[in-house]
Amino acid sequence: MEQLFTGFKTIAPSIPYIINGIWVTLGIALGAAIIGFVLGTLLSLCKISNIGILNGFARGYTSIFRGTPLIMQLALAFFAVPQLLGLGDVNATTVAIITFGLNSGAYMSEIIRSGINAVDKGQFEAAGALGVGYWPMMKDIILPQAIKNILPAMMNEFITLTKDSAIVSTIAVTDMMRRSQIVSAQYYTYFPPMFVAFIMYYLVVLILTFIGGRIERRLSRSDQS
């Protein structure tokens, strides 16, 4: 126990450095969530459309990104694709955001599609009877209702992105995980710095879960009123 206490005392000056990595973590998660939402919305509309090519593309895209490990997708995007295209050095953070966003889009498309399918069919029929076109109907009537129903699921996806972002340390992005590894190598002690990162991830997830719960309860009260 004394050795453990000494280890925490030794790395104390580097603890703020590890904790500040949370902004990198949240930045990647937020950027990926925005890309995932936009892409997921487009893919979900393709999936419910009657256009075979779009439907097939959306389902194939989802199958590929859900059927392969995220860490493999990240490695391909950072190491293999730039070499294949002759791009030279690429920004690791940008690659991480894009890769996570593309992956999230596959999952978001299923979430949004289920939300659209949950909208009462009478809404579609009423919009058709009023002569509202397909895209205006989706944009102004169906999607707002669908998104309201799936906000808790979208929050869960953001939490998942926040946790999964730890793998960006494999491409040298200085998030909390990577910073804990750097401090571990600097002081030749692993438990204290990694435990600090562990606790920070847990606290962030607790906060996000609390926010998601508040949103869900507010939506439940709104539906009852």
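**Figure 1. Lys-47, a buried residue in the predicted model.** With a relative accessibility of 3%, Lys-47 counts as buried, since buried means under 20% relative accessible area. In this predicted model, the side chain of Lys-47 forms a salt bridge with Glu-110, and the closest N and O atoms of the two are 2.5 Å apart. Because Lys-47 belongs to helix 3 (residues 21-47) whereas Glu-110 belongs to helix 6 (residues 92-118), the pair ties together parts of the chain that are 63 residues apart in sequence. Glu-110 is partly exposed, at a relative accessible area of 22%.

**Figure 2. The salt-bridge network of Lys-47, Glu-110 and Arg-113.** The structure holds 2 salt bridges, and the residues Lys-47, Glu-110 and Arg-113 are linked by such contacts in a network. Besides the pairing with Lys-47, Glu-110 meets the side chain of Arg-113 in a salt bridge with an N to O distance of 2.9 Å. Both Glu-110 and Arg-113 lie in helix 6, where they are 3 residues apart, about one turn of the helix. An α-helix has 3.6 residues a turn, so residues three or four places apart point the same way. Arg-113 has a relative accessibility of 22% and therefore counts as partly exposed.

**Figure 3. The bend of helix 8 at Ile-150.** Helix 8 comprises residues 134-164, and a straight helix of 31 residues would span 45 Å at 1.5 Å a residue. In the model, however, the end C-alpha atoms of helix 8 span only 36 Å. At Ile-150 helix 8 bends by about 60°, and a proline, Pro-152, follows within four residues.

**Figure 4. A nonpolar surface patch to which helix 10 gives the most.** Leu-4, Phe-191, Phe-195, Phe-198, Ile-199, Tyr-202, Leu-203 and Leu-206 make up a nonpolar surface patch of about 740 Å². Helix 10, which runs over residues 191-224, gives the most to this patch, with 7 residues. Among the patch residues is Leu-203, whose place is in helix 10 and which is partly exposed, with a relative accessible area of 40%.

**Figure 5. Segments listed by UniProt as transmembrane regions.** An unreviewed UniProt entry lists residues 20-43, 64-85 and 187-211 under "transmembrane region". In the model, the span of residues 20-43 is 96% helix and 0% strand, and the end C-alpha atoms of this span lie 35 Å apart. Residues 64-85 are 91% helix and 0% strand, with 21 Å between the end C-alpha atoms.

Figure 6. The annotation "domain: ABC transmembrane type-1", taken from the unreviewed UniProt entry, covers residues 22-212. Over this stretch the chain is 83% helix and 0% strand, and the C-alpha atoms at the ends of residues 22-212 are 19 Å apart. The protein chain as a whole has 10 helices and 0 strands, so that its elements, read from the N terminus on, run α-α-α-α-α-α-α-α-α-α. Along its principal axes the C-alpha trace of the protein chain spans about 75 × 50 × 20 Å, and buried residues make up 40% of the 225 residues in the chain.

Note on methods:
Residues are numbered from 1 along each chain as its sequence is written. This is a predicted model: local features need pLDDT of at least 70, side-chain atom pairs count only at pLDDT 80 or more; totals for chains, interfaces and linings use all residues. Side-chain values use heavy atoms; hydrogens and water are left out. UniProt positions are given in the numbering used here, feature names are shortened, and annotations may be inferred rather than shown by experiment. Helices (H or I, at least four residues) and strands (E, at least two) are DSSP runs, numbered from the N terminus. Patches are made of residues with over 30% relative accessible area and no salt bridge: like charges are joined within 9 Å, nonpolar side chains (Val, Leu, Ile, Met, Phe, Trp, Tyr) within 5 Å. Accessible areas come from the Shrake-Rupley method with a 1.4 Å probe; for residues, only the protein chains shown count as cover. A salt bridge is a side-chain nitrogen of Lys or Arg within 4 Å of a carboxyl oxygen of Asp or Glu. Buried means under 20% relative accessible area, exposed over 50%, partly exposed in between (1.4 Å probe, protein chains only). The expected span of a helix is 1.5 Å times one less than its number of residues. The bend at a residue is the angle between axes fitted to the seven residues ending there and the seven starting there.
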